[in-house]
Amino acid sequence: MTPSEIAEVIRDALESPELLRDRQVVKYLNEALDAVSDGMPADYTAMILYSALGRLREG
């Protein structure tokens with residue numbers, strides 16, 4: 001999976017009305033998108049996305 005493909009999936013998630021209800025999830029997704037754009041290591045981006053998933057499980 002390329003960084004472009006990861007960014008596309010994150011952008012798609014940011015368009016989901018269900019996810020937009022939670023500002024913290026949106027914050028995490030935007031941070032992950034920035035991390036991909038900045039060329040950060042994949043494990044760093046994965047950690048941010050894992051945080052977003054954890055937040056979704058809480059809600």
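Which residue forms a salt bridge with Asp22? Arg55 is the partner, with the closest N and O atoms 2.9 Å apart. The legends below describe a predicted model, in which local features need pLDDT of at least 70, side-chain atom pairs count only at pLDDT 80 or more, and totals for chains, interfaces and linings use all residues. Residues are numbered from 1 along each chain as its sequence is written, and side-chain values use heavy atoms, with hydrogens and water left out.

**View 1. The Arg55–Asp22 salt bridge.** A salt bridge is a side-chain nitrogen of Lys or Arg within 4 Å of a carboxyl oxygen of Asp or Glu. The whole structure contains two such pairs. In this view Arg55 meets Asp22; because Arg55 belongs to helix α4 and Asp22 to the loop between α2 and α3, the pair ties together parts that are 33 residues apart in sequence. Helices (H or I, at least four residues) and strands (E, at least two) are DSSP runs, numbered from the N terminus. Arg55 is partly exposed at 32% relative accessible area, whereas Asp22 is buried at 17%. Here buried means under 20% relative accessible area, exposed over 50%, and partly exposed in between (1.4 Å probe, protein chains only).

**View 2. The N-terminal end of helix α3.** Asp22 also caps this end of α3, where a side-chain oxygen lies 2.9 Å from the backbone nitrogen of Gln24. A polar contact is a pair of N or O atoms within 3.5 Å; within protein, one must be able to donate a hydrogen and the other to accept it, and residues adjacent in sequence count only if both atoms are side-chain atoms.

**View 3. Helix α3 and its cover.** Helix α3 (residues 23–37) has 15 residues and reaches 21 Å from its first C-alpha to its last, close to the 21 Å expected at 1.5 Å a residue. That expected span is 1.5 Å times one less than the number of residues. The buried residues of α3 include Val25, Val26, Leu29 and Ala32, together with Leu33, Ala35 and Val36. Their cover includes α1 (3–14), α2 (17–20) and α4. Just after α3, Gly39 takes a positive phi of about 75°.

View 4. The side chains of Lys27 and Glu31 meet at 3.6 Å, N to O, in a salt bridge. Both residues lie in helix α3, four residues apart, about one turn of the helix. An α-helix has 3.6 residues a turn, so residues three or four places apart point the same way. Lys27 is partly exposed, with 45% relative accessible area, and Glu31 is also partly exposed, with 31%.

**View 5. Val36 and Thr45.** Val36, in helix α3, is buried at 14% relative accessibility. Not counting residues up to four places away in sequence, Val36 touches Pro3, Ile6, Ala7, Ile10 and Thr45, where contact means heavy atoms within 4.5 Å. The C-alpha atoms of Val36 and Ser4, 32 residues apart along the chain, are separated by 8.1 Å. Thr45 lies in helix α4 and is buried, with a relative accessible area of 6%.

**View 6. Leu20 in helix α2.** Leu20 lies in helix α2 and counts as partly exposed at 44% relative accessibility. Leaving aside neighbours within four places in sequence, Leu20 is in contact with Leu14 and Val26.

**View 7. A nonpolar surface patch.** Met40, Tyr44 and Met47 form this patch, with about 290 Å² of accessible area together. Patches are made of residues with over 30% relative accessible area and no salt bridge: like charges are joined within 9 Å, and nonpolar side chains (Val, Leu, Ile, Met, Phe, Trp, Tyr) within 5 Å. Accessible areas come from the Shrake-Rupley method with a 1.4 Å probe; for residues, only the protein chains shown count as cover. Met47 is found in helix α4 (residues 42–58).
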